[in-house]
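The sequence and structure are shown first.

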Amino acid sequence: MANFLKDLNEPQQLAVKTTKGPVMVIAGAGSGKTRVLTYRVAWLLNQGVPPFNILALTFTNKASREMRERIASLIDPARAKGLWMGTFHSIFARILRAEASYLDYPSHFTIYDTADSKRVIKGIVKEQNLDDKTYAAGYVLNRISNAKNNLISATDYNEDPEIQSHDLQSRKPKLGLIYSLYQQKLHRASAMDFDDLLFNTNVLLRDFPDILYKYQQRFDYILVDEYQDTNFSQYLIVKKLAANNENLCVVGDDAQSIYAFRGANIQNILNFKSDYPDHKVFKLEQNYRSTQHIVSAANSLIVHNKNQIHKTVWTSNGAGEKIQVMKTTNEGEEASWVSGRIFELLQQHQLPYSAFAVLYRTNAQSRAMEEAMRRLNIPYRIFGSVSFYQRREVKDVLSYFRLIINPRDEDAFLRIVNFPARGIGATTVDKLVAAAGDTGKSLWEIAGDPSGNGVKVNSGIARKLAEFVTMIKSFSARLYKLTAFEMGELVINKSGIRKFYFEDESPESINRRENIEELLSGLQDFVSSPEEGETEVPLRTLDEFMQDIALLTDADTKQEKDDDSNKVSLMTIHAAKGLEFPYVFITGVEENLFPSQLSINSQSELEEERRLFYVALTRAMTRATITYAETRFRYGNFNFCEPSRFIDELDPEYIDQMTTRLPGKKKPAKSESFAESRKNFRRITEASDTTTNKAAAEDEDNSGFAILEPGVLKPGMEIKHQRFGLGNVVTIEGSGQNAKATVAFAGTGNKQLLLKFARLKIMG
DNA sequence: AAAGCGGTACTTTTT
DNA sequence: GTACCGCTTT
C-alpha cells in the first residue's frame, strides 16, 4: 500500500496520509486534485476503515463516477463496495428517503427539477392573479432557491423585515406568499425540489438529534470535493456531520470558484481556517497539466483578485508557446479564423480533433462557431444542448411514471391528465385545481371522486376522469410486479403515447419517437445491468429507475455514448471546468461579454469573471489562444467591442499578439501594449469600418448611436433610435443595469427599451 | 387541438 | 436575431 504513494508528490502524500482532524487541500489548477481524493479514500480503506464509514461528496455525478472508477483501479473493487460516495444531492436524497417519516414525507417522494418547479410557480402566479412578468417563474424560483440555500424558510422569509422591505421596494411584495404556497404545494404533492434535498437535510439534522448522532457515528471520515462551490446549506450539513471527530478533508481551489451566482459561497473555503482552528492546510501548487507560459499567464491574471488564498502555482513542464491573442473584425471572422487554425494545427502536428476545445462565455456564441466548423467539415461536439430528460416527449412519459409511483405528484398529474388528449379540457382541470385548493386534497384524490369533493362535471367528463384514474391505478398495481422496462412498454402502449407520437412521419415526430425509443432502451439497460457486486439481476422496478435518474443530468448519460468520439469540443467555460485539452481557444474575449456586462458594476462579480477566465486559460495543456472581435452582432444589433480588460491584465511577457493586418497598415509593433492599443481602438475600428464592416457600409447614418451610461437619459429628452427613429423619453424605470425607458416614438408609439441594449443618440 | 401570430426577453447553471 | 410563450385563429 505504501507502494501507490510513490505516484504522489510530497504535499499530495501528506494530504492523503493526514487522515485525522480537519484538512484543507488547496489544489491549484491541474495539480492532481482528483488523484489526492481517490488515493485518500484508497488509503483509508487500506488502513482498514470500513467503506460504509467514509462519506465522499462531489458536485457532479461525473466526478463521483470518475472517483469510483479510479479507486477501483487502485484497490480490490469489492472492498470499495458500500462507500458513501456521490453528489451532495444524491447522498442526501438517499438519507432523506430513509428518514422521510420524520419530515412528514413518504419515502418515495418525487424530486422536482427546475422545469417542474417553474411550472408549479407559474401555476401559483396564475391562481393568485398576479402579473406573470413581475413574478416571472425563473426569477421567483431564483429568489426561493437563494433563500433555501441560506436556510431561510418560507416563514422566516415572510417574517424578516429586511427581506420584506427589499421585496416591497422592488415592487414584488408577493414573493413571500408565493414561496409559502410553493412549499405547501410541494409538500402536498410529496415532492422536493433540488434545494429542498439540502434544506430538509438541515432540518432533519437540526430537529432530530438522534438522527444527527446516528450519521455522525456512521461517517467517521468525510471528504468534500470542490469545496469552494459549496453553498451555506451544504456547508452546514458538512459541519454538522463532521462535528464529532472533525475527520474532514475538503479539497478545492478558491481561484476556480465560478458558481457564486448559483449560491456558492467562496467564504466557505476562505473561512475554513477559522471554522476549524485545529486544521492543517496542504497546498498543491505543482501544475502537471500546462506549459510554463500558460501557468505564468494565468498567475499574472489571478493576482488582480483581492479575495483569495495565496498560492504559487508552478510547473516543471517546458516553457511552451506564448498565449496567442488574435483580433478579428467580427464574430464570423473570429469563428472562421479559429476553425481555420484548428485545421492547420491538426495537419501540422497530426493531432486528433479531440485535442481542441473552443470555449466561450455564453451559449449564444456557439452558432457562429458551428457554422464555421461545418464549412471546413470539422466534426465537433457541442455541450449544453437541451437535456435528454428535459425534452417534452421524455418528460411526458416520465410524468406517467411519476404519477404511478406518487399519485400526489400534481405537476405530473397536470402534465398528463389530458395528454394524449382524452377530452379532459382546461375547464375541468381548473375545477379540479380549485377544489384541491379548497379542500387541501391532492388533484388525484379529487379526480377519483369529483362529485364527493364538490366538483360538478357532466356524466361524460366524469366517465373520462374515471377512466384516467382507473388506467393509472392499473399501472400502479403492477409497479412492483413488472420490471421497469415492462412497465415502460405498458405505459407507452396503454396511455396512447405510442399512438400519438408514432402516427405521422414528420421529422419532428420521428425525432420524438427516437427519444422515446431511447428512453425505453435506457429502461432495458437498467433492468439488465447488475448493481456492483451482484451476480444475478434482481427485479429492477420503475420506482428504482426513477430514483436513479431524478438526479441525473444529460452530461452523465450522453458522455458515455460518444466518449471515444474524435471531435472538437465546443462549450461554455463553465462546462469546461475540470476538463483539459492540448489546444484551447477562448473566444469573444471582449468587454461586456467577458467580463459579462452584468458583472462589471460589482467587484465580487468581476472577480468571479476573472476566475472564470482563469479557469478557461488553465484548461490548456499545450497552447491557449485568445480571440476577440471588433464588432459583434448581438440581439439584432451591431455592437462595437473593446478587447477585454483581462487581456490587459495578462503579463505581456507571456503573450504573442497577432493582429489582422488592415489594408495599408502595418502590423503594430509587438511592443505596443494593450492599454495603448485600446486607446487607439476607436480610431482603428472607425478606419476599418468603411472597408470591412458590411453593416456600416450599408447603413448610412449609424454614427453616434451608443449604449448610454446609466443615468444619462432623463424624461423629456429627445432621442433617436436606429430602427424606431425620433422619440421622446417618457419615463425611466429601474436603475443601473436594469434601467428601462419608455419612449414615445413618432412613428411607432410607445416602446419600452432596456437601456443596456438600446443604441440611442441624444438629439436634444 | 394544432397552427400561426405577435410580443418579449436575452449570462453562466454541477443538482 | 431568435427562441419561447401565450394568445388567437382555423
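Predicted model: local features only at pLDDT ≥ 70, side-chain atom pairs only at ≥ 80, totals over all residues.

## Overall composition

Of the 764 residues in chain A, 40% are buried. The secondary structure of chain A amounts to 34 helices and 23 strands.

When contacts between residues at least 6 apart in sequence are considered, 74% of them join residues at least 24 apart.

## The six-stranded sheet

An open sheet is built from six strands with parallel pairing, and their order is E3-E2-E6-E7-E1-E8. Its edges are formed by strand E3 (84-87) and strand E8 (280-284), each of which pairs on one side only. From one strand to the next, the twist averages 15°.

Within this sheet, strand E6 (residues 221-224) and strand E7 (residues 248-252) run parallel and are joined by three bridges. Leu223 has Cys249 in E7 as its bridge partner. As a general point, side chains in a regular strand alternate between the two faces of the sheet.

## Helices lying across the sheet

Helix H5 (residues 88-99) lies across E2 and E3, and its direction makes an angle of about 120° with E3. Helix H13 (residues 232-242) lies across E6 and E7, running at about 160° to E6.

## Packing of H7 against H11

Two packed helices are described by the angle between their axes and the distance between those axes. Helix H7 (residues 137-149) packs against helix H11 (residues 194-207) at an angle of about 25°, and the axes are 9 Å apart. H7 is therefore roughly parallel to H11, since angles under 35 degrees fall in that class. The crossing of H7 past H11 is left-handed.

Which residues in H7 and H11 meet? Ser145, Lys148 and Asn149 are the contributors from H7, and they meet Asp195, Asp196 and Phe199 in H11.

Is strand E13 (residues 581-586) largely enclosed or left open by the rest of the structure? Five of the six residues of E13 are buried, so the strand is largely enclosed by the rest of the structure.

E13 pairs with two strands described here. Strand E10 (residues 356-360) runs parallel to E13 and is joined to E13 by four bridges; in this pairing, Val358 stands opposite Phe585 of E13. Strand E14 (residues 620-629) also pairs with E13 in the parallel sense, over five bridges. There, Val584 has Ala624 in E14 as its bridge partner.

## Val49 in its loop

Val49 belongs to the loop between helix H2 (33-46) and strand E2 (54-58). Is Val49 buried or partly exposed? Val49 counts as partly exposed because 16 C-beta neighbours lie inside 10 Å, whereas a buried residue needs 20 or more.

Leaving aside residues up to four places away in sequence, Val49 touches Leu44, Ile54, Asp220 and Tyr221. Val49 and Ala624 are 575 residues apart along the chain, and their C-alpha atoms are separated by 43 Å.

Definitions and conventions
Residues numbered from 1 in each chain as written. Chains lettered and ligands numbered in written order. Buried ≥ 20, exposed ≤ 12 C-beta atoms within 10 Å, placed from the backbone. Contact = placed C-beta atoms within 7 Å. Axes fitted to C-alpha atoms, helices over the stretch in contact; angles between N-to-C directions. Parallel < 35°, antiparallel > 145°, perpendicular 65-115°, else oblique. Left-handed = near helix turned anticlockwise from the far one by under 90°. Pairing = 2+ DSSP bridges.
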